[in-house]
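The model is a predicted one.

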Amino acid sequence: MSSSPALLPTPAADRADPARPRPARLWRPRRVLVTPAALDFAHGRAMAERAEAMGLSVERLAANRLTGLRDADPRKAYTSAKATLAITVAPPTKLRLQPIPPSADWRFDLAEGCPAHCQYCYLAGSLQGPPVTRAYANLDAILDNLATYAGQGAVTSASAERAHEGTTFEASCYTDPLGIEHLTGSLSAAIRHFGAWDAPVQLRFTTKFAAVAPLLDLPHNRRTRIRFSVNARPAARYEGGTDPLDARLAAMAAMARAGYPVGLTIAPIIPVEGWEDAYAGLIRDAADMLAGIPDLDLTAELITHRFTPISKAVLRSWYPGSDLPLDEAERVEKRTKFGTVKHVFPKPLMQAMRAHLTACLARDLPAARVLYWT
């Protein structure tokens, strides 16, 4: 990969306390674009000020439309967009929440786009246009809108096994909110919002980053579950620009010690060479990191790799040298409820992987409640 995020050093004093891990890397976008409408909101102005305080180049645009981000060369367009943060206003459609099975009752977005460089990124087939990270300035409206959906839903609210989670709201479908938190502050605001919300509700998000220090002392009231997206070590080469596995596991332990419900999102599961030992090792490493933590509330979500014709084309243009397995001849077609095609692993392999991972969890990490396999 030709583009990777600039890193901020971890102070030695912070490294000395393993109970409070600090980020191994913080994204520094090359460009920060701010629309005029975003500056009408206090949160938009605060994000711009954060970026300026970090010494980043902040451009206040004359109009609300983002332009100049496309290039005839898809690699150049990708590289430029991935290095750009745009502070914008979420459109009205973002306030009409959609269900997000099997994860949660509802999806809401604090931002859209991700600074990481994962070669299997599912956003490649989900979002239109250059992969700019857009952070939303109208945060109060986004959070206030959630009350309309409380007590509704068909994933956790209507499930006998998961009803105790309450109405669940997923905040990481189209972004990694922790990966941009040092620039936005939006995730901390959402955690406070749910912590103060006296109702059976839960905020959920997944991350591949480890910068949890600003979250540890927030008044979360156990209404936020942070899940760490992890993979077998041989798959690390597909996850550019993210924090290392050990840093993520240490961050998960720190959050659990701070009283947060936590989770492992093992994804995307890929039959890399020696996959049985690799995924068994991953689960043992997680178990070692979480050992001895009192009142541990732990879930596991198991997600296999799949791709669509559109996402394959986009990913091949972004990462032309990748060896990520995207051969349709090694997959089977699966039709979605919308009639689109996904290429998934053949049933015998799926069954073998599921049996192996669930057996490893039962043996080495029995505290983990497996929510789903897909």
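## Burial in helix α6

A residue is called buried here when its relative accessible area is under 20%, with a 1.4 Å probe and protein chains only. By that cut-off, helix α6 (residues 186-196) has S186, L187, S188, A190, I191, F194 and G195 buried. The cover over these buried residues of α6 includes the helices α2, α4 (139-144) and α5 (181-184), together with the strands β9 (167-170), β10 (201-207) and β11.

## The five-strand sheet

Five strands make up an open sheet of mixed pairing, and their order is β2-β1-β3-β8-β6. The edges are taken by β2 (58-60) and β6 (111-112), each of which has a single partner strand, so one side of each is left without a neighbour in the sheet. Within this sheet, strand β1 (residues 31-34) runs parallel to strand β3 (residues 84-88), and four bridges join the two; V34, for instance, has I87 in β3 as its bridge partner. Packed on the sheet is helix α2 (residues 42-53), which touches β1, β2, β3 and β8 (133-136) and whose direction makes about 145 degrees with that of β2.

## The eight-strand sheet

A further open sheet, again with mixed pairing, contains eight strands in the order β4-β5-β9-β10-β11-β13-β14-β17. Its edge strands are β4 (98-100) and β17 (369-373), each pairing on one side only. On average, and with direction ignored, neighbouring strands of this sheet are turned by 30 degrees against each other. At the β4 end of the order, β4 and strand β5 (residues 104-107) run antiparallel and are joined by two bridges, with A104 in β5 as the bridge partner of I100.

Strand β13 (residues 262-269) is mostly covered, eight of its eight residues being buried. Strand β11 (residues 224-230) pairs with β13 in the parallel sense over five bridges, and V230 has I266 in β13 as its bridge partner. Strand β14 (residues 298-304) also runs parallel to β13, to which six bridges join it; here G263 stands opposite T299 in β14.

## The α7-α8 pair

The axes of helix α7 (residues 245-257) and helix α8 (residues 275-290) come within 9 Å of each other and cross at roughly 40 degrees, which makes α7 oblique to α8. The crossing of α7 and α8 is right-handed. On the α7 side the contact is made by L245, D246, L249, A250, M252 and A253, which meet L282, D285, A286, M289 and L290 in α8. Sorted by class, the contact of α7 with α8 comprises nine nonpolar, no polar and two charged residues.

What is the relative accessibility of L290? L290, found in helix α8, counts as buried because its relative accessibility is 3%. When residues up to four places away in sequence are not counted, L290 touches M252, A253, L296, L298 and L365. The C-alpha atoms of L290 and A250 are separated by 8.5 Å, although the two residues lie 40 residues apart along the chain.

Terms used
Residues are numbered from 1 along each chain as its sequence is written. This is a predicted model: local features need pLDDT of at least 70, side-chain atom pairs count only at pLDDT 80 or more; totals for chains, interfaces and linings use all residues. Side-chain values use heavy atoms; hydrogens and water are left out. Axes are lines fitted to C-alpha atoms, for helices over the stretch in contact, and angles run from 0 to 180 degrees between N-to-C directions. Angles under 35 degrees count as roughly parallel, over 145 as roughly antiparallel, 65 to 115 as roughly perpendicular and the rest as oblique. A crossing is left-handed if the near helix is turned anticlockwise from the far one by less than a right angle, and right-handed if clockwise. Contact means heavy atoms within 4.5 Å. Ala, Val, Leu, Ile, Met, Phe, Trp, Tyr, Cys and Pro count as nonpolar, Asp, Glu, Lys and Arg as charged, and the others, Gly among them, as polar. Buried means under 20% relative accessible area, exposed over 50%, partly exposed in between (1.4 Å probe, protein chains only). Two strands pair if DSSP finds at least two bridges between them.
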